[in-house]
Amino acid sequence: MRAYHEQTMPATAVHPDRNFKYWLLAPAIFLLLLIGLFPLIYSLVVSFMRIDMMDTDTSFAWFYNYKNLFKDGRLWWSLAHTLLITAIALPLELLLGLAMAYLFLEKMPGRQIFISLLVLPTIISPIVAGATWRLLFDNKYGPINQILSWFAGERVNALWTINPTLVYPAIIFCEIWQWTPFMFLILLAALSNVDKSQTEAAEIDGARFLRTFRYIVLPAIWPVMAIAILIRGLDLFRIFDIIWALTQGGPGTKTETISIYAYTQGFKQFETSYTAAIAFLVVFILTVICTWAIRRMGLAK
Amino acid sequence: MVTRRDVGKIGIAAGLAGGLSRPAWAADGASAAVEAAKQFSGQTITIVWEAGLQALDPLNFSGPKWKELTGIDVKVVEVPVAEMFTKIMQDFKSGAGAYDALNVIPSWMPDLANAGALEVLDPFVDKYGYRDELMKIAPTYRDNQMKVNDKIYGLPDDGDVFVMYFRKDVLGDPAIQKAYKDKYGADLPMPPTNWKDFDQVAALITEVSAGKIYGAAFFRESGYGNFMFQERFRNEGGKFFDADTMKATINSDAGVKVFTEWLAENKVAPPGVEQWGFVENLAAFLQGQTAMTISWPPYGRWAASYGTDQEVMSWVPKSTIAGKVGYAMTPGGHPELAAGFCLSVSSASKNKEAAYLFIQWLNSEATSLERVKLPYALRDPFRDSHFTDPGYAALWPDAKDYLKALQDGANNGLLDLSLLQTDKYEEVLRQSVSKLWAGEDPKSILDAAAAEWDAITEKIGVDKQKAVYADWASKSGAYPKM
């Protein structure tokens with residue numbers, strides 16, 4: 001039977017092509033490249049052209065758009081706004097998330113229900129969250145000013161989305177409200193896996209909380225915490241929805257982030273090539289930051 | 001309770017009844033479109049329409065009626081007005097051809113036409129003998145909002161114009177009138193016809209009523225503020241550009257005066273007015289909290305409680321001021337023809353002829369009259385025959401005065417600025433308004449805005465933009481005839 005089989009089967013089946021596995025993988029890889037790499041390359045090509053609303057000039061324009069990036073003050077301000085929001089919101093989310101994780105580490109009645117409720121903001125679409133907060137901050141109908149009025153004993157007319165001194169606190173508050181639970185959830189999982197015998201031993205030896213945290217807990221949770229910081233940092237750098245819903249980058253351009261600026265240039269004013277150049281500036285900045293962060297945090301290990 | 005579906009049925013019945021009572025349809029643009037469109041029976045055309053109340057017109061009334069008359073389905077793509085330009089351009093640039101017919105704000109028309117996104121309509125207009133009926137659209141819309149480079153790209157379909165609404169009972173209150181005379185030594189103007197009088201009346205009402213009723217409120221949110229600035233700036237004698245050099249002149253004394261007076265007006269307006277848009281301003285006026293305001297025509301209809309008992313209108317606060325509202329032109333006498341809509345055909349459409357026939361039918365004398373009377377839709381009278389229609393004038397006790405105010409507004413109205421890449425210029429204005437509310441100095445804001453306008457002009461090309469501006473400025477509604 002075997003002899004007959006070997007005689008009738010083609011040689012390739014008897015001695016399978018060693019490259020056959022690659023042929024099996026090829027469609028999936030091709031699809032991934034088509035979806036992921038093609039738009040990237042296409043955008044790069046477009047960034048060297050001069051395509052805008054009125055013109056579809058596809059001739060090679062060298063670094064015309066990239067040179068314009070350096071002259072565009074609004075772009076650099078939008079980058080500064082993005083960094084400001086990231087620099088304030090990220091540590092606050094981390095600290096609050098960590099504090100909440102510690103709180104829920106101990107067993108308590110209704111723990112699971114509370115955790116589920118706390119995580120709810122993260123499953124809401126950011127644009128919906130932003131629109132809802134806009135209503136909450138509304139001067140006339142919003143409950144926030146109403147509550148502040150009760151405490152103040154007189155009507156409070158805080159214009160949260162217009163007043164330059166209030167607008168950043170409003171944005172950062174919304175951002176923290178929505179994304180602290182993400183930090184909380186990840187850090188809770190990390191803290192749950194810390195070896196309790198070590199912390200208990202430290203406690204018996206009289207170590208204080210901060211010392212235990214610094215030398216036992218932090219090293220144990222650091223790989224997870226670093227990933228959480230990286231993910232949230234990247235998310236904050238791309239922040240769009242909440243700010244768009246709350247202020248659309250205003251007053252003026254005071255809360256315009258790099259994503260909002262790119263959207264305005266690309267999809268409202270159809271500066272297609274210039275927007276592609278902005279996108280590659282963002283890719284460059286994020287690549288530098290990520291590489292530095294991954295090395296610094298020791299994630300590569 | 002009348003449901004949204006019932007409203008549709010009522011609309012269709014009203015439309016059919018209107019149609020049946022008009023045998024003259026046999027020779028008009030509506031019936032010509034219907035007859036010609038029957039060859040496309042079974043097809044579907046897609047039209048872009050502003051999301052929300054506006055879209056109830058094709059969803060509940062005109063779409064089903066067109067299907068019944070011609071067998072052509074109408075698919076309505078609802079898009080928020082702020083995203084309409086983007087969606088239309090994206091569809092055109094991608095060549096997808098997802099849209100057949102379009103709603104286009106007239107100030108966008110040069111950009112869309114120059115980009116090639118709109119189909120030239122002259123051949124269709126002539127083929128279906130619609131030109132005479134088209135010419136019966138009120139002159140200001142017909143002459144200014146229909147063509148680019150002398151070619152028809154859109155059928156003007158919405159008589160958007162700002163109207164001043166004032167409370168006759170408040171301004172006519174003897175105590176208010178006496179207080180005004182005591183303070184200013186003159187009779188209270190009813191209604192005020194210039195901004196000085198308007199501001200005096202508004203301040204006095206707020207003062208005398210001790211905040212129980214505020215003298216005035218306005219759109220102050222930056223998107224609306226753009227229109228308000230354009231109107232008032234020109235009523236104060238301002239020009240957008242120096243016609244010879246194309247240098248921006250919005251930072252002139254007229255511009256600074258407008259911004260400075262806005263800040264003063266906010267002090268006698270309800271707290272938080274800086275954030276007010278269409279709904280906030282409407283709610284305050286209908287609830288009797290403000291004595292004067294400026295807005296688009298639907299305020300007048302809803303203040304008179306016309307159609308507001310329907311379920312789809314449940315979000316509109318019940319009017320407490322029906323029968324107490326007067327209608328007038330905005331101070332200065334030249335109201336903004338703010339936004340508005342034209343009906344166009346997408347150049348990327350694969351059903352251009354069917355799409356054109358649908359918009360001709362919508363825009364025709366007979367169909368449009370039914371549409372501007374739909375209480376839930378937001379299309380406003382735009383044909384001479386709409387302003388004089390006895391049926392419309394009988395819709396509520398003061399409807400005749402209302403129609404006169406709209407017609408006066410149309411005759412004296414000011415066009416939105418329309419250039420190449422208009423949105424870039426408007427964006428600067430929107431940001432300037434929001435900077436004003438953030439506490440920046442009016443002159444500094446406008447100096448910066450003028451510099452930004454100059455930079456935009458330079459980028460587009462001074463000579464190119466100069467020619468477009470000269471064409472726009474030559475239109476009858478560009479600047480007031482002083």
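Here is a short chat about how some features of this predicted model get their names.

Modeller: Residues are numbered from 1 along each chain as its sequence is written, and chains are lettered from A, ligands numbered from 1, in the order in which they are written. Because the model is predicted, local features need pLDDT of at least 70 and side-chain atom pairs count only at pLDDT 80 or more, while totals for chains, interfaces and linings use all residues.

Colleague: Which residues make the contact, and of which classes are they?

Modeller: On H13(A) they are Ile258(A), Ala262(A), Gln265(A) and Gly266(A), and those on H14(A) include Thr272(A), Tyr274(A) and Val282(A). Contact means that C-beta atoms, placed from the backbone, lie within 7 Å. The classes come to 6 nonpolar, 4 polar and no charged residues. Ala, Val, Leu, Ile, Met, Phe, Trp, Tyr, Cys and Pro count as nonpolar, Asp, Glu, Lys and Arg as charged, and the others, Gly among them, as polar.

Colleague: Why are S8 and S9 of chain B said to stand at the edges?

Modeller: The open sheet has 3 strands in the order S8-S7-S9, with antiparallel pairing. Strands S8 (292–295) and S9 (325–328) of chain B each have a single partner strand, so one side of each is left without a neighbour in the sheet.

Colleague: How do you know that S7(B) and S8(B) pair?

Modeller: Two strands pair if DSSP finds at least two bridges between them. Strand S7 (residues 163–167) of chain B and S8(B) have 4 bridges, so they pass that test. In one of them, Met164(B) is the bridge partner of Ile294(B) in S8(B).

Colleague: What packs on that sheet?

Modeller: Helix H20 (residues 399–412) of chain B does, touching S7 and S9 of chain B.

Colleague: How does the radius of gyration of chain A stand against that of a compact globule?

Modeller: Chain A has 26 Å, but a compact globule of 301 residues would have near 19 Å. The radius is taken over C-alpha atoms, and the globule rule is 2.2 Å times the number of residues to the power 0.38. The C-alpha trace of chain A spans about 95 × 70 × 35 Å along its principal axes.

Methods: Helix = DSSP H or I, 4+ residues; strand = E, 2+ residues; numbered from the N terminus. Contact = placed C-beta atoms within 7 Å. Axes fitted to C-alpha atoms, helices over the stretch in contact; angles between N-to-C directions.
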